[in-house]
Amino acid sequence: MTTAKPRADAVEATAEPVAVEEVREEVPECGVPHYLPALTHIRCQRDQQDPDRAPGTPDHQHRHQDGDALYQW
Ligand SMILES: [Zn+2]
């Protein structure tokens, strides 16, 4: 007597990559150029400063990393 039950573990999970729409909440770069005329191509790579920051809040220290060179102004 054989009790042939259907195998439940035979269900194959189709691992299909779900096309998740990329939700990028990336903060735009600050992008403020260096104050030195010779270095205006150097732009701040930090996140953009909060436009809603309290009045009187000082600017963040702008920063640009170029290989070993680190510019801060
Ligand atoms: Zn900046």
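Apart from its neighbours within four places in sequence, Trp73 is in contact with His34, Tyr35 and His62. Two residues count as in contact if their C-beta atoms, placed from the backbone, lie within 7 Å. The model is predicted: local features need pLDDT of at least 70, side-chain atom pairs count only at pLDDT 80 or more, and totals for chains, interfaces and linings use all residues. Residues are numbered from 1 along each chain as its sequence is written.

Trp73 is partly exposed, because 15 other C-beta atoms lie within 10 Å. On this scale a residue is buried if 20 or more other C-beta atoms lie within 10 Å of its own, exposed if 12 or fewer, and partly exposed in between. The C-alpha atoms of Trp73 and His60 are 9.1 Å apart. Along the chain, these two residues are separated by 13 residues. Trp73 sits in the segment after S2.

The protein chain contains two strands and zero helices. Both kinds of element are DSSP runs, numbered from the N terminus: helices are H or I of at least four residues, strands are E of at least two. Strand S1 covers residues 63-66 and strand S2 covers residues 69-72. The two run antiparallel and are joined by four bridges. Strands pair if DSSP finds at least two bridges between them. Arg63 has Gln72 in S2 as its bridge partner. Two residues lie between the strands of this hairpin, where Gly67 takes a positive phi near 65°.

Across the 73 residues of the protein chain, 4% are buried. Of the contacts with a separation of 6 or more, 15% are between residues 24 or more positions apart.
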